Amino acid sequence: MNLNKFFKSRYTILCVFLAIYFFILMMSPFVVDYSADCKAKNYDVKVSIIVPVYNTEKYLPSALDSLINQTLKDIEIICVNDGSKDNSLEILNEYKEKDSRIKVISQPNSGVCVARNTGIENSKGEYIAFFDSDDLMVPYAYEKAYDDAIKYNVDIVNMQMTNFIDGEEIDINSFVYDNSKVKRIGRMKHQNPFYIFPDSGYVTTKLYKRSLINDNNFRFKAGVTNYEDGLFNFFVLTKTATVAHDGNVFYCYRTNRPGSAVTNFNINKIMKSGLAVANELVTNSEKFDFRKSNEWIVAKCLDINYNHIVKDAENTPEIQKEYAKEFLKIVNDNYVKKYNYKYPNWIYEQIEDIKKIAY
């Protein structure tokens, strides 16, 4: 065949052109705009670290040092001064001058929940972490946690914690990272995430994808002074199918600190928080769509409140009776009686114990 004559044929050229045109049309649904995708994921800040600060001048410098010395440099450290009365704000401003990654926001004393919410609303990182201003972070922590999130394509990374007693020294540089201690954990939609995922009680040992929090409008419940971490995670984990669990030590939690919320046992505050958590679980029960969620909700309300009402408050009978009545109104009247569901016997037994106090 004479190739020159072949390609000079207008008819042939038209056919080739049409064939190419229709081939492109057919393939276009499968073409990915990588430039747009990269632009969407090109975060200047990989991790926003949110630090509520209230009267922790003694511990704040070492806490901040452990953050600014992280091996992951693409971070922002959002310090929310929650109406501190000591020199915490002055220390924060000093560190802000040293490191441009530190942001300082001051607000009237409103509690840790509001302070964390302020941090969320001012964050811009791909991921969010929460850190308490009297604790310490191992240098590799946020770099490895971020790597875990990207490698395993998860919205949450669970980080291992170690405790140290206030007044004792801990060498945060002594920990050696072991890649073999990381695993990906998944669940089916009908499975209870709190039985599948480890450690749902702390937010400081988690790395959260910011879009997960903002797209679902997850926030901390203002006014809750105890169990606020668990309450936040109760809702977040229901929207999570997979997490990465990293068994290496990341977070160093200071115990027995004078003046901390954990050290100061205030039964009135604790029971108010316990009832607030119960009310949130019952009011939003439809958001828990896993198997046997009814049973889990009532069991969790009792787990949080039962011992405080029955045992811890027995020296203050008037307060004990008041909270017993309120608990029954929230959990028994508004939930247990409302739904025709058969609970385990121990649940009915504990409710009866609370009834004896209330009436």
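Predicted model: local features only at pLDDT ≥ 70, side-chain atom pairs only at ≥ 80, totals over all residues.

Modeller: Thr 205 sits in the loop between helix H8 (193-196) and strand E8 (206-209). Its side chain makes a polar contact with the side chain of Asp 199, at 2.9 Å. With neighbours within four places in sequence left aside, the residues in contact with Thr 205 are Val 157, Asn 158, Met 159, Met 161, Asp 199 and Tyr 251.

Now the strand, E1 (47-53). It is largely enclosed by the rest of the structure, because 7 of its 7 residues are buried. Both faces of E1 are covered. One side carries Val 47, Ile 49, Val 51 and Val 53, and the other carries Ser 48, Ile 50 and Pro 52.

E1 has strand partners. E1 and E2 run parallel and are joined by 7 bridges; within this pairing, Pro 52 has Val 80 of E2 as its bridge partner. E1 also pairs with strand E4 (residues 127-130), again in the parallel sense, over 4 bridges. There, Val 47 stands opposite Tyr 127 of E4.

E1, H4 and E2 make a right-handed β-α-β unit. In H4 (residues 60-68), the buried residues are Leu 60, Ala 63, Leu 64, Ser 66, Leu 67 and Ile 68.

The largest nonpolar core has 56 residues, and Phe 130, Phe 232, Phe 234, Leu 281 and Phe 327 touch the most other members. E4 is one of the elements that give two or more residues to this core, and the others include helix H6 (112-121), helix H11 (267-283) and helix H13 (317-336). H12 gives the most, with 10 residues. Phe 327, leaving aside neighbours within four places in sequence, is in contact with Leu 275, Cys 301, Leu 302, Asn 305, Ile 309, Asn 332 and Ile 354. Apart from this core lies another, of 45 residues, among them Ile 102, Val 154, Ile 172 and Tyr 251. Tyr 251 is also one of the contacts of Thr 205. In soluble globular proteins, nonpolar side chains tend to be buried together.

Definitions and conventions: Residues numbered from 1 in each chain as written. Heavy atoms only, no water. Polar contact = N/O pair within 3.5 Å; in protein donor to acceptor, adjacent residues only side chain to side chain. Contact = heavy atoms within 4.5 Å. Buried < 20%, exposed > 50% of the residue type's maximum accessible area, 1.4 Å probe, protein only. Pairing = 2+ DSSP bridges. Right-handed = clockwise from strand over helix to strand, strands pointing away. Core = buried A, V, L, I, M, F, W, Y, C linked by side-chain atoms within 4.5 Å.
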